[in-house]
There are 2 protein chains.
Amino acid sequence: MPNPTAAILVIGDEVLSGRTREANAYHLAGELTRVGIDLSEIRVVPDDHAVIVDALNALRAAQDHVFTSGGIGPTHDDITADAVAAAFGVGIDVRDDARELLETAMAARGQTVTQEQLRMARIPDGATLITNGISGAPGFSIGNVHVMAGVPSIFVAMLAVVLPTLEAGTPRLAREVRFEVGESRIASPLRELAEEAPQLSIGSYPFRDGDVRGTNVVVRGTDPAMVQAAVARLEALRATEC
Amino acid sequence: MPNPTAAILVIGDEVLSGRTREANAYHLAGELTRVGIDLSEIRVVPDDHAVIVDALNALRAAQDHVFTSGGIGPTHDDITADAVAAAFGVGIDVRDDARELLETAMAARGQTVTQEQLRMARIPDGATLITNGISGAPGFSIGNVHVMAGVPSIFVAMLAVVLPTLEAGTPRLAREVRFEVGESRIASPLRELAEEAPQLSIGSYPFRDGDVRGTNVVVRGTDPAMVQAAVARLEALRATEC
């Protein structure tokens with residue numbers, strides 16, 4: 001059975017303007033690979049209601065899971081929760097369990113929840129909360145969409161809560177073989193290997209290390225024996241090439 | 001007149017698997033902001049012909065410019081040029097001017113061009129080459145699509161060649177005001193400011209710096225006087241809040 005697929009939709013003017021270097025997609029990619037869910041698309045869009053709704057609807061139809069990052073804070077530019085509700089065609093309002101999480105977190109700091117903070121307790125109808133140990137404000141899952149914070153430490157905490165609840169696939173092993181020759185020198189045998197083993201993905205990545213022009217070849221696949229056989233062939237090739 | 005818009009399509013299994021931290025979109029975002037072209041979408045897709053063709057066609061219809069990154073090397077997993085030709089419905093073959101660039105670069109290293117390297121001289125019909133001072137292998141522009149290397153140093157070099165040829169917009173200024181209070185404390189006046197000045201984008205980004213929970217507010221706009229007026233209002237707000 002093929003692995004489940006996923007996409008991440010990052011909502012953030014600050015990424016598109018070059019102010020912020022996006023970090024959550026990279027973390028998600030590594031975690032999904034570990035549990036055997038194939039990340040099939042990363043998409044970054046601006047803080048624009050219609051654009052978010054369209055992207056969400058395209059991605060949730062195409063992939064088994066969609067993660068979102070960003071836009072769930074208390075300010076006017078945090079419009080993700082409303083866009084998710086619109087994409088699913090459901091209502092959205094402050095929900096008691098979400099408000100209690102906020103109240104508990106604020107009470108621990110000796111404060112009460114303000115009207116503006118209450119915005120973070122607006123949850124689309126039918127969603128399940130995603131708690132986190134860092135901030136009181138929850139994310140939520142609705143259908144196959146998991147709505148999470150943009151702040152990296154909170155994204156990491158929320159993903160750690162969500163991931164164990166998803167059906168895992170077969171982890172994809174990756175093994176790397178380093179060649180100290182340029183890509184084109186080994187392109188022909190790599191192509192043969194890729195054609196003979198279509199279940200594997202054979203990636204070829206040139207690098208420069210001081211004066212050395214080399215190539216890292218990455219073999220990826222779910223069958224350990226098949227990955228190992230390909231690595232053995234690459235190591236034999238390297239012995240003749242280097 | 002609104003600024004021209006752009007998207008970047010990154011082609012790369014290595015990004016989606018979490019092996020590589022994508023760097024070119026971040027560089028592009030900063031450079032486009034500098035010249036007044038609005039980056040509207042970042043999309044990362046796998047090394048899959050049909051997926052690349054579909055994404056390219058969606059993005060080139062929606063945006064004024066599309067940049068691609070990755071998949072133009074000499075190996076079997078480099079399928080971007082063929083996908084671009086398919087998206088435009090044009091032929092693709094080795095082209096003399098591209099071959100000469102390769103030959104010159106290889107001659108400088110005392111080598112000749114191999115059959116596999118010749119793959120990098122395959123250029124869709126009607127495209128214009130994008131040279132670079134680092135490798136002999138060119139990128140190319142066709143219609144509103146600019147096809148560039150995934151290796152960051154070469155991507156940077158190619159962008160430096162392409163960018164001056166594009167019609168620039170009005171550079172978007174960004175000014176940041178740091179508040180040492182949480183987002184929700186200033187959410188209300190921020191919303192008022194955003195509503196009064198719809199030409200500006202007012203972004204609010206929480207941070208934690210040791211024990212300080214603060215908020216960076218970023219004002220972005222093309223009219224310097226308007227940006228300055230908003231910053232003055234934020235500084236006055238800060239004087240009452242902090």
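**Notes on the interface of chains A and B**

1. Strand β2 of chain A (residues 38–45) and β2(B) run antiparallel and are joined by three bridges. Strands here are DSSP runs (E, at least two residues), as helices are (H or I, at least four), numbered from the N terminus; two strands pair if DSSP finds at least two bridges between them.

2. Please keep in mind that this is a predicted model, in which local features need pLDDT of at least 70 and side-chain atom pairs count only at pLDDT 80 or more, while totals for chains, interfaces and linings use all residues. Residues are numbered from 1 along each chain as its sequence is written, chains are lettered from A in the order in which they are written, and side-chain values use heavy atoms, without hydrogens and water.

3. How many residues does the contact take from each chain? It takes 51 from chain B and 51 from chain A, contact meaning heavy atoms within 4.5 Å. Between them the chains bury about 4400 Å², 51% of it on carbon and sulfur atoms (accessible area, 1.4 Å probe, lost on being put together and summed over both). B:Arg19, B:Tyr26 and B:His76 supply 16% of the area that chain B buries against chain A, more than any other three residues.

4. Now for the charged pairs: four salt bridges are counted between the chains (a side-chain nitrogen of Lys or Arg within 4 Å of a carboxyl oxygen of Asp or Glu). One of them links A:Glu41 to B:Arg43, with the closest N and O atoms 3.7 Å apart.

Terms used. Buried area = accessible area lost by both parts, 1.4 Å probe.
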